[in-house]
Amino acid sequence: MYILGIDTSCDDTSFSILEDDTNVKANVVFNQNELHRIFGGVVPEIASRKHIEYIEPLFLQFMRSHQFSPKSLDLIAVTAGPGLIGSILVGLSFAKGLSLSLGKPLAAVNHIEAHAMSIFLEKKIDFPFLALVVSGGHSLILLVRNYCHFEVIGSTRDDAAGEAFDKIAKFLNLGYPGGVAVERLSKGGKRDFVNFPRPMLEEDNFDFSFSGLKTSFLNFVKRNPPTNETINHIVASFQEAICDVLTEKTLRAAKALSVKRIVVGGGVASNERLREMFFEKSEKEGIEVFFPSPEYCTDNAAMVALLGFYRYKSGIVSPITVKGFSRMSINYKGC
Ligand SMILES: Nc1ncnc2c1ncn2[C@@H]1O[C@H](COP(=O)(O)OP(=O)(O)OP(=O)(O)O)[C@@H](O)[C@H]1O
Ligand SMILES: [Mg+2]
């Protein structure tokens with residue numbers, strides 16, 4: 001089967017063609033970073049207007065450059081939420097148009113479930129496993145029992161991990177996306193230069209909270225304005241605190257549930273310090289940790305095509321009346 005994936009959940013317009021669940025024939029992401037950089041974050045109205053302007057020419061160019069005919073597609077998979085509703089509706093409407101005109105089935109999927117499954121693009125993992133999804137809008141620990149069954153074990157009570165990176169980067173004028181800028185600046189920095197709090201680590205649950213850590217960072221830099229000599233140490237200490245909380249809580253959840261495998265997905269999963277820390281800590285516990293390649297961590301349509309394929313194989317297709325949602329519960333039924 002050839003599955004077309006479409007993702008317009010935020011500011012990226014992404015298309016992918018997947019052959020079954022094994023072979024990514026093409027995966028392209030047209031990002032709008034330059035437009036949003038001047039605001040230090042995504043401006044929803046600009047994002048949706050740009051999707052409207054570009055989705056059709058980008059799709060035609062994508063199909064032409066990969067010498068693919070729309071007629072050869074067997075399934076249209078698309079993100080139906082969660083995300084920026086204006087952006088989602090552009091991709092979803094476009095997918096519905098293709099599905100109707102080509103007479104091919106539609107699979108509307110949950111973008112966060114797709115992040116949790118993105119590792120399967122490169123490696124098949126035995127069920128059950130824990131998925132830590134850490135992105136711009138979410139920090140979630142999911143227990144994944146099979147291709148289409150997810151259970152929320154923990155989530156953030158306020159800011160997502162990626163959002164915390166983005167906010168401190170905006171405050172320091174480091175550029176956008178913030179996580180990438182913070183990671184770059186942290187290289188070689190002393191990770192114990194500032195002892196930032198590790199929120200919720202003492203609590204007996206698997207939830208996260210990053211808002212207090214962000215405030216603690218902002219208070220610190222207001223009291224101790226960073227210099228060229230200290231800034232890399234300060235951001236490295238912040239990154240260390242986030243990675244510490246994410247790894248500790250996820251490993252604790254894995255042990256409590258006797259799960260031996262963890263996969264990490266979402267944009268923050270491309271952070272090298274997070275990867276390193278997970279591998280260091282998990283080895284001692286006898287738990288295996290898997291990370292997708294960076295291109296499948298941040299938003300991409302290949303993971304959407306993949307989840308659409310699994311849903312289709314489980315007998316689930318979406319009606320043409322399927323709705324888009326800015327917020328969407330896990331275990332989305334696709335109708
Ligand atoms: N190397 C990195 N280190 C830390 N954070 C990173 C890195 N690369 C990207 N990020 C963060 O990942 C986020 C973007 O990830 P992604 O594209 O998965 O999120 P999103 O689509 O904006 O949110 P969601 O998936 O929740 O809707 C941003 O917050 C960005 O700062
Ligand atoms: Mg995402």
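Colleague: How do the residues of the shell around ligand 1 divide into nonpolar, polar and charged?

Modeller: They divide into six nonpolar, 14 polar and three charged, where Ala, Val, Leu, Ile, Met, Phe, Trp, Tyr, Cys and Pro count as nonpolar, Asp, Glu, Lys and Arg as charged, and the others, Gly among them, as polar. This is a predicted model, in which local features need pLDDT of at least 70 and side-chain atom pairs count only at pLDDT 80 or more, while totals for chains, interfaces and linings use all residues. Residues are numbered from 1 along each chain as written, chains are lettered from A and ligands numbered from 1 in the order in which they are written, and side-chain values use heavy atoms, without hydrogens and water.

Colleague: What makes the approach of His138 to an oxygen atom of ligand 1 a polar contact?

Modeller: A polar contact is a pair of N or O atoms within 3.5 Å, and a polar side-chain atom of His138 lies 2.7 Å from an oxygen atom of ligand 1, so the pair qualifies.

Colleague: How much of ligand 1 does the protein bury?

Modeller: Taken alone, ligand 1 exposes 640 Å², of which the protein buries 90%, with accessible areas from the Shrake-Rupley method with a 1.4 Å probe.

Colleague: Which helix gives the most to the shell around ligand 1?

Modeller: H6 does, with four residues; a helix here is a DSSP run (H or I, at least four residues), and H6 spans 178-186.

Notes:
Polar contact = N/O pair within 3.5 Å; in protein donor to acceptor, adjacent residues only side chain to side chain. Helix = DSSP H or I, 4+ residues; strand = E, 2+ residues; numbered from the N terminus.
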